[in-house]
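Hi everyone, thanks for coming.

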Amino acid sequence: MIQKIIILTGLMLTSLFAEITNSCVSCHEGLAPIREHSSKMMQEIFKVADKAGVKGNDCVVCHGGSPDQEKKEKAHSGTLAYFKTNKGPKAFYPYPGSPWINENTCGMCHPNQVAAQENNLMATEQGKIHGALWGFGAKEGYKHTYTNFGGKSPDPHKRLGTETYKKYMDELAALEPQGFPKETKELPPAPTAEEIEKDPSLSVYTYLRQECLRCHTGGKGRERRGDYRGIGCASCHVPYSNAGLYEGKDKSISKTEDGHMLVHSIQSSRKVNVNVHDINYTGIPVETCTTCHNRGKRIGVSYQGLMETEYQATFDSEGNGQPKLHTKRYLHLTEDIHYSKGMLCQDCHTSNDMHGDGFFRGANLGAVEIECQDCHGTTDKYPWELPLGYSDEFATKPKEGKARGTTKTLAEYLKQGAIPKDKGDGFLLSARGNPMTKAVKKGDKIVMHLASGKDITLTPLKKLKEEKKISQEGLVAMDQIAAHTDKLECYTCHATWAPQCYGCHVKIDYSGGKQNPDYLAASKHHVNGKTGEVDNLMDFLVDGKVTETRSYLRWEDPALSQNGEGRISPTIPGCQVTLTVIGKEGKALLQNHIFKIPNTEGAGEEGINSITMSPVQPHTVSKKARACESCHTSAKAMGYGINGGKYFADQSKTTIVDLMTADQKVLPHQVDEQIPAIPNLKHDYSVMIDENGTQVQTVGNHWKLSQALDNETRAKLDRRGTCLSCHKEMPNEDLAVSLMVHTAKFAGLKIDNEMHKMIVNKSILMSAWVQVLGGLLFGGGVVYWFMRRRKQMRCKNN
């Protein structure tokens with residue numbers, strides 16, 4: 001009897017063991033589970049596996065396949081019968097996060113985010129496409145017609161967000177319809193060399209497809225150091241190293257072949273642990289974001305303090321120059337203060353910022369719902385005292401209205417993230433009315449529950465002012481001068497540097513046939529979510545070869561302009577396209593050509609240059625702001641260009657350097673053009689407006705209010721030459737001034753910077769009081785004379 005019980009128990013244990021064994025692991029031994037088995041997410045996956053009849057096999061819930069097959073080819077094909085009639089993978093998916101199939105994988109648990117992804121700016125690249133089209137002659141004007149693959153926005157009621165947010169976005173879309181199209185078209189195909197002969201401007205589609213459109217989440221992008229990443233959801237939620245090499249324990253995955261994830265794990269919120277070589281981390285590292293955000297505005301690498309350079313310094317222990325990262329080399333400048341404090345991108349940016357809300361966005365300002373004041377407030381108001389829309393006005397006056405308050409109510413899709421147990425006095429609200437789930441009000445302060453697992457306490461500006469913890473300079477800038485708070489972005493002063501790449505010289509050569517791949521076409525071609533650029537990128541070669549270079553780089557004290565929200569913002573070069581197109585016969589069809597756009601931005605039929613300066617949030621915020629003089633005495637800041645645009649000679653003329661006479665007559669006949677002309681460039685690339693206040697290039701091309709500083713604003717900003725106001729009389733042009741100067745000299749007074757500031761301050765105060773008292777005396781004298789005269793007249797009449 002006992003023997004029978006033992007045998008029966010053994011059979012039951014064997015049966016149970018068979019049920020929970022993951023057959024995939026027989027080949028992939030050592031592969032880390034995508035999430036901890038104890039996590040709620042993995043428990044939900046196990047439930048699906050149980051329903052599918054493969055209890056304990058979490059792999060097939062995402063990847064599909066036939067786990068009962070021993071050979072790789074058969075195991076990596078087909079799917080379970082259960083998934084053919086229920087939600088789940090419909091085939092074997094090597095990349096289950098791929099947007100082409102992830103409604104069957106990630107979408108089982110995260111339907112809202114997956115539904116929103118299609119029209120998310122990181123998928124459509126709508127702003128990037130429009131910027132390039134503008135630089136090639138504004139083919140679609142201000143309309144944001146094209147996206148990577150085209151599509152429609154869903155029913156307005158399906159927009160993700162609070163009812164307040166939905167109403168806000170409906171109003172914003174009505175105000176800026178060109179930036180919020182309801183329907184878009186798929187980008188036209190790359191042209192043939194023959195088509196280019198007829199219309200060289202069509203080369204923009206070659207440019208976009210070979211260069212600009214590698215970073216969208218519908219493809220895996222290019223395989224270069226620093227650019228390796230996943231696809232779709234995995235673009236952000238699966239870790240990749242710079243080298244794209246696997247460093248996990250699965251022996252079936254090559255550790256020398258690039259293009260692989262670092263480890264088989266999902267990275268997400270503070271409650272999701274990832275283990276790499278016995279180091280645990282939570283959240284999505286900034287470096288994941290920089291796999292894409294290293295071109296254009298460069299906000300990802302700038303956040304880390306990385307500013308690209310042409311030079312190879314510094315050298316390693318073997319004498320090798322700096323290796324390229326994202327195909328560039330870098331200087332290490334000041335990091336953004338948020339980065340220095342350990343904040344990841346997701347600690348500020350909301351779920352809607354990153355996943356989208358389901359609707360098209362023309363450019364970043366339309367997609368990002370947060371503002372600095374949402375957490376920091378102003379010196380007069382706490383964040384919860386500000387009205388919705390503050391600093392997101394899309395108007396030239398600061399938003400007014402009732403206090404936005406806080407909330408403890410969250411939409412169901414937000415509850416899938418890491419929500420703090422202690423909600424304090426409620427979550428802060430974004431400028432557009434959605435809860436910010438990491439920012440919790442606690443009395444007069446804010447606790448930030450960071451994705452890294454840290455909690456930090458933030459003291460708003462109003463509280464800092466009450467506690468007298470703001471410097472005198474800060475109080476003057478933020479409190480005394482109301483126009484700064486009402487009309488400027490916070491980062492206009494606090495972003496002390498920004499990457500400035502002047503002159504985007506693009507050459508597209510069609511003389512060599514099919515040379516470079518069409519990344520967009522490759523990503524659209526997929527087999528069960530695996531896109532064309534993974535194994536067969538060379539199958540998507542198209543006519544033409546794109547190369548890029550620039551005129552020069554800067555980083556210090558960016559210029560200023562008005563952004564689409566109606567606020568003064570740092571401004572850097574956007575798409576300053578200077579185009580050379582080489583035809584199929586090897587001759588230039590366009591040479592150093594800048595397109596002109598007629599009847600735009602104040603220009604007449606002659607048109608304005610289509611090169612663009614772009615308002616930007618540089619993501620280089622520092623506690624100490626840029627100096628007052630860097631704006632108020634800077635021709636560059638005002639839009640007149642670096643050094644007022646006076647550094648460069650006439651770039652519309654060719655420069656020849658060879659043996660020549662004193663009056664510059666070239667002596668040899670065999671000479672080369674050292675610097676060929678740019679015919680339409682009458683000003684330096686940094687010049688937005690000329691001395692007459694005429695705009696000479698585009699400033700922003702997405703939103704109605706983007707423009708160079710207008711005459712009134714520049715007049716208020718311009719304090720150049722102020723020193724002469726005093727020094728033109730010194731030392732002996734005026735008797736009183738001469739006496740003061742000589743007295744100071746004989747008294748041995750040293751005029752250093754502090755003494756100079758004190759003298760100027762006293763002079764202003766004295767001048768003010770003299771004028772006020774003089775006015776009072778004069779006014780009193782007039783009144784006295786009038787009263788006395790009136791009395792005399794009465795006496796005379798009597």
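This is a predicted model: local features need pLDDT of at least 70, side-chain atom pairs count only at pLDDT 80 or more; totals for chains, interfaces and linings use all residues.

Let me start with a definition: two strands count as paired if DSSP finds at least two bridges between them. Helices (H or I, at least four residues) and strands (E, at least two) are DSSP runs, numbered from the N terminus. Residues are numbered from 1 along each chain as its sequence is written, and side-chain values use heavy atoms, with hydrogens and water left out.

Okay, a sheet. β1 and β3 (residues 183–186) run parallel, joined by 2 bridges, and Thr 147 sits opposite Glu 186 in β3.

Now a hairpin. Strand β16 (residues 559–562) pairs with β17 (residues 568–573) in the antiparallel sense, over 4 bridges. Between those strands there are 5 residues, and in this hairpin Gly 566 takes a positive phi near 85°. Gln 562 stands opposite Ile 568 in β17. Are the residues of β16 buried or exposed? Both faces are covered: Ala 559 and Ser 561 on one side, Leu 560 and Gln 562 on the other, are all buried. Buried here means under 20% relative accessible area, with exposed over 50% and partly exposed in between (1.4 Å probe, protein chains only).

On to the cores. A nonpolar core is a set of buried Ala, Val, Leu, Ile, Met, Phe, Trp, Tyr and Cys residues joined through side-chain atoms within 4.5 Å. The largest has 25 residues, and the ones touching the most other members are Phe 136, Leu 187, Tyr 207, Leu 208, Val 506, Ile 508 and Leu 579. At least two residues each come from α8 (126–135), α10 (193–198), α11 (203–210), β12 (497–517) and β18 (577–582). Take Phe 136: leaving aside neighbours within four places in sequence, its contacts (heavy atoms within 4.5 Å) include Tyr 207, Ile 508, Leu 579 and Phe 595. There's also a second, separate core of 24 residues, with Ile 594, Met 613, Ile 689 and Leu 717 among them.

On a 1 Å grid over the protein atoms alone, a cavity is a set of points where a 1.4 Å probe fits but cannot get out, while a pocket is an open set with protein on both sides within 12 Å along at least five of seven lines; lining residues have an atom within 4 Å of a point. Grid points are joined across faces, edges and corners, and a volume is the space filled by probe spheres set on the points.

The second largest pocket holds about 580 Å³. It's lined by 32 residues, and Val 114, Ala 115, Gln 117, Glu 118 and Asn 119 lie nearest its centre. α6 gives the most to that lining, with 5 residues.

How many cavities of 30 Å³ or more are there? The structure holds 4. The largest has a volume of about 90 Å³, and its lining includes Cys 212, Arg 214 and Asp 227.
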